[in-house]
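Please keep the sequence and the model in view while working through the points.

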Amino acid sequence: MSIQIFQRYRMPSSTALSPDQQARRRWMSVLAKAPAEKLIHLWDSLPDKPDWSYLRRPETGMVMVRGRAGGSGQRFNLGEMTMTRCSIRLGDGRVGHGYVAGRGQGHATTAALIDALMQDETRRAALEQAVIAPLEASAADRRDLSARKAAATKVDFFTMVRGE
(Lines give C-alpha, C1' and ligand atoms only; values in the text may rest on other atoms or scores of the structure.)
Protein backbone atom coordinates (compact mmCIF):
# COMPACT_ATOMS: atom_id res chain seq x y z
CA MET A 1 0.00 0.00 0.00
CA SER A 2 1.40 3.42 -0.86
CA ILE A 3 0.62 6.40 1.33
CA GLN A 4 -0.02 9.87 -0.04
CA ILE A 5 -0.90 13.09 1.68
CA PHE A 6 -4.32 14.27 0.59
CA GLN A 7 -4.12 17.37 -1.56
CA ARG A 8 -7.03 19.71 -2.10
CA TYR A 9 -5.67 20.71 -5.50
CA ARG A 10 -3.99 18.18 -7.74
CA MET A 11 -0.25 18.84 -8.11
CA PRO A 12 1.07 18.73 -11.67
CA SER A 13 3.22 15.76 -12.57
CA SER A 14 6.96 16.29 -12.24
CA THR A 15 7.33 16.32 -16.04
CA ALA A 16 5.20 19.51 -16.14
CA LEU A 17 7.42 21.29 -13.59
CA SER A 18 10.29 23.59 -14.49
CA PRO A 19 13.81 22.59 -13.35
CA ASP A 20 13.64 25.21 -10.57
CA GLN A 21 10.33 23.80 -9.34
CA GLN A 22 11.71 20.26 -9.40
CA ALA A 23 14.79 21.38 -7.44
CA ARG A 24 12.63 23.15 -4.86
CA ARG A 25 10.36 20.12 -4.54
CA ARG A 26 13.46 17.99 -3.86
CA TRP A 27 14.99 20.23 -1.18
CA MET A 28 11.65 20.82 0.55
CA SER A 29 11.16 17.06 0.71
CA VAL A 30 14.63 16.61 2.23
CA LEU A 31 13.97 19.37 4.80
CA ALA A 32 10.56 17.95 5.75
CA LYS A 33 11.85 14.41 6.25
CA ALA A 34 15.06 15.33 8.08
CA PRO A 35 15.35 14.70 11.82
CA ALA A 36 14.56 18.02 13.53
CA GLU A 37 17.65 17.96 15.76
CA LYS A 38 20.00 17.42 12.82
CA LEU A 39 18.35 20.15 10.72
CA ILE A 40 18.47 22.67 13.57
CA HIS A 41 22.11 21.77 14.27
CA LEU A 42 23.03 22.36 10.62
CA TRP A 43 21.14 25.69 10.68
CA ASP A 44 22.97 26.77 13.84
CA SER A 45 26.33 26.01 12.20
CA LEU A 46 25.64 28.27 9.20
CA PRO A 47 27.46 31.61 9.13
CA ASP A 48 25.80 35.00 8.46
CA LYS A 49 22.16 34.21 9.07
CA PRO A 50 19.79 36.79 7.56
CA ASP A 51 17.16 38.90 9.29
CA TRP A 52 13.69 37.41 8.96
CA SER A 53 10.15 37.68 10.24
CA TYR A 54 7.12 35.41 10.38
CA LEU A 55 4.46 35.62 7.71
CA ARG A 56 2.65 32.72 9.37
CA ARG A 57 3.83 31.53 12.76
CA PRO A 58 4.10 27.74 13.14
CA GLU A 59 0.62 26.20 13.15
CA THR A 60 -0.15 22.59 13.94
CA GLY A 61 -3.14 20.89 12.35
CA MET A 62 -4.31 17.66 10.78
CA VAL A 63 -4.06 16.38 7.21
CA MET A 64 -5.76 13.36 5.68
CA VAL A 65 -3.43 10.56 4.61
CA ARG A 66 -4.67 8.52 1.67
CA GLY A 67 -3.68 5.06 0.52
CA ARG A 68 -4.27 2.93 -2.55
CA ALA A 69 -5.53 -0.63 -2.42
CA GLY A 70 -2.72 -2.85 -3.61
CA GLY A 71 -0.49 0.19 -4.21
CA SER A 72 -2.19 1.13 -7.48
CA GLY A 73 -5.88 0.47 -6.97
CA GLN A 74 -8.74 2.53 -5.64
CA ARG A 75 -7.88 5.34 -3.21
CA PHE A 76 -9.11 5.30 0.37
CA ASN A 77 -8.71 7.52 3.42
CA LEU A 78 -6.15 5.84 5.66
CA GLY A 79 -6.46 8.32 8.52
CA GLU A 80 -5.27 11.69 9.75
CA MET A 81 -1.81 12.78 10.84
CA THR A 82 -0.48 15.86 12.58
CA MET A 83 1.39 18.41 10.48
CA THR A 84 3.02 21.76 11.28
CA ARG A 85 3.46 24.56 8.77
CA CYS A 86 5.28 27.88 8.88
CA SER A 87 5.99 30.74 6.47
CA ILE A 88 8.74 33.35 6.86
CA ARG A 89 10.00 36.37 4.94
CA LEU A 90 13.68 37.26 4.76
CA GLY A 91 14.86 40.86 5.02
CA ASP A 92 15.37 40.96 1.24
CA GLY A 93 11.75 39.89 0.59
CA ARG A 94 12.18 36.21 -0.28
CA VAL A 95 9.54 33.94 1.24
CA GLY A 96 10.09 30.42 2.55
CA HIS A 97 7.66 27.73 3.64
CA GLY A 98 8.10 24.72 5.88
CA TYR A 99 5.72 21.76 6.20
CA VAL A 100 6.70 18.92 8.53
CA ALA A 101 5.00 15.88 10.00
CA GLY A 102 4.26 16.14 13.70
CA ARG A 103 4.30 19.07 16.09
CA GLY A 104 7.84 20.34 15.45
CA GLN A 105 7.47 24.10 15.41
CA GLY A 106 11.25 24.64 15.42
CA HIS A 107 11.59 22.10 12.62
CA ALA A 108 8.97 23.88 10.48
CA THR A 109 10.54 27.30 11.09
CA THR A 110 14.04 26.07 10.25
CA ALA A 111 12.79 24.33 7.10
CA ALA A 112 11.09 27.58 6.02
CA LEU A 113 14.28 29.58 6.63
CA ILE A 114 16.41 27.21 4.60
CA ASP A 115 13.77 27.10 1.84
CA ALA A 116 13.92 30.90 1.57
CA LEU A 117 17.73 30.92 1.51
CA MET A 118 17.85 28.15 -1.12
CA GLN A 119 15.91 30.40 -3.49
CA ASP A 120 18.93 32.74 -3.64
CA GLU A 121 21.03 31.53 -6.58
CA THR A 122 24.22 32.94 -5.00
CA ARG A 123 23.77 30.93 -1.79
CA ARG A 124 22.19 27.77 -3.20
CA ALA A 125 25.38 25.82 -3.95
CA ALA A 126 26.87 26.47 -0.50
CA LEU A 127 23.61 25.54 1.25
CA GLU A 128 23.27 22.44 -0.91
CA GLN A 129 26.69 21.31 0.29
CA ALA A 130 26.33 22.41 3.92
CA VAL A 131 22.72 21.35 4.61
CA ILE A 132 20.93 19.39 1.88
CA ALA A 133 23.70 16.93 0.96
CA PRO A 134 24.40 15.87 4.59
CA LEU A 135 20.66 15.40 5.20
CA GLU A 136 20.32 13.28 2.04
CA ALA A 137 23.34 11.19 3.05
CA SER A 138 21.89 10.69 6.52
CA ALA A 139 18.54 9.62 5.02
CA ALA A 140 20.32 7.16 2.71
CA ASP A 141 22.19 5.71 5.70
CA ARG A 142 18.91 5.27 7.64
CA ARG A 143 17.29 3.54 4.63
CA ASP A 144 20.32 1.27 4.23
CA LEU A 145 20.30 0.33 7.92
CA SER A 146 16.59 -0.43 7.76
CA ALA A 147 17.07 -2.57 4.63
CA ARG A 148 19.91 -4.50 6.28
CA LYS A 149 17.79 -5.15 9.39
CA ALA A 150 14.92 -6.38 7.22
CA ALA A 151 17.26 -8.56 5.14
CA ALA A 152 18.60 -10.21 8.31
CA THR A 153 15.10 -11.54 9.04
CA LYS A 154 14.44 -12.79 5.51
CA VAL A 155 13.35 -16.40 5.22
CA ASP A 156 13.90 -18.28 1.95
CA PHE A 157 11.26 -20.90 1.32
CA PHE A 158 11.85 -23.68 -1.18
CA THR A 159 9.98 -26.78 -2.24
CA MET A 160 11.46 -30.23 -1.96
CA VAL A 161 10.15 -33.10 -4.04
CA ARG A 162 9.95 -36.32 -2.05
CA GLY A 163 10.49 -39.79 -3.46
CA GLU A 164 9.92 -39.29 -7.14
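Which side chain does aspartate 144 meet in a salt bridge? The numbered points below begin with the answer, and they refer throughout to a predicted model.

1. The side chain of aspartate 144 meets that of arginine 148, with a distance of 3.4 Å from N to O. Both residues belong to helix 4 and lie four residues apart, about one turn of the helix. An α-helix has 3.6 residues a turn, so residues three or four places apart point the same way. Aspartate 144 is partly exposed, because its relative accessibility is 40%. Arginine 148 is also partly exposed, at 49%.

2. **Overall arrangement.** The protein chain contains four helices and four strands. Read from the N terminus, the order of these elements is β-α-α-β-β-β-α-α. Of the 164 residues in the chain, 26% are buried. The protein chain exposes about 11,100 Å², and carbon and sulfur atoms supply 53% of that area. Among contacts with a separation of 6 or more, 58% involve residues 24 or more positions apart.

3. **Helix 3.** This helix covers residues 105-118. Its 14 residues reach 20 Å from the first C-alpha to the last, close to the 20 Å expected at 1.5 Å a residue. Helix 3 is mostly covered, as twelve of its 14 residues are buried. The buried residues include His107, Thr109, Leu113, Asp115 and Met118. Their cover includes helix 1, helix 2, strand 2, strand 3, strand 4 and helix 4.

4. **The largest nonpolar core.** This core has 24 residues, and those with the most contacts inside it are Leu31, Leu39, Ile88, Ile114, Val131, Ile132 and Leu135. Two or more residues each come from helix 1, helix 2, strand 3, helix 3 and helix 4. Helix 3 gives the largest share, eight residues. Valine 131 may be inspected as an example: beyond residues up to four places away in sequence, valine 131 touches Leu31, Leu39, Leu42, Leu46 and Ile114.

5. Is serine 87 buried or exposed? Serine 87 counts as buried because its relative accessibility is 5%, and the cut-off for buried is under 20%. This residue is found in strand 3. Apart from neighbours within four places in sequence, serine 87 is in contact with Tyr54, Leu55, Arg56, Gly96 and His97.

6. How many salt bridges are counted? The count comes to eleven. Side chains of opposite charge can pair when their charged atoms come close. Arginine 26 is partly exposed at 32% relative accessible area, and glutamate 136 is partly exposed at 30%.

7. **A second link.** Aspartate 20 forms a salt bridge with arginine 124, and their closest N and O atoms are 3.9 Å apart. Aspartate 20 is in helix 1 and arginine 124 in helix 4, so the two are in distant parts of the chain, 104 residues apart. Aspartate 20 counts as partly exposed at 48% relative accessibility, whereas arginine 124 is buried at 18%.

Note on methods. Residues numbered from 1 in each chain as written. Predicted model: local features only at pLDDT ≥ 70, side-chain atom pairs only at ≥ 80, totals over all residues. Heavy atoms only, no water. Buried < 20%, exposed > 50% of the residue type's maximum accessible area, 1.4 Å probe, protein only. Contact = heavy atoms within 4.5 Å. Areas by Shrake-Rupley, 256 points an atom, 1.4 Å probe, with all protein chains shown as cover. Expected span 1.5 Å × (residues − 1). Core = buried A, V, L, I, M, F, W, Y, C linked by side-chain atoms within 4.5 Å. Salt bridge = Lys/Arg side-chain N within 4 Å of Asp/Glu carboxyl O.
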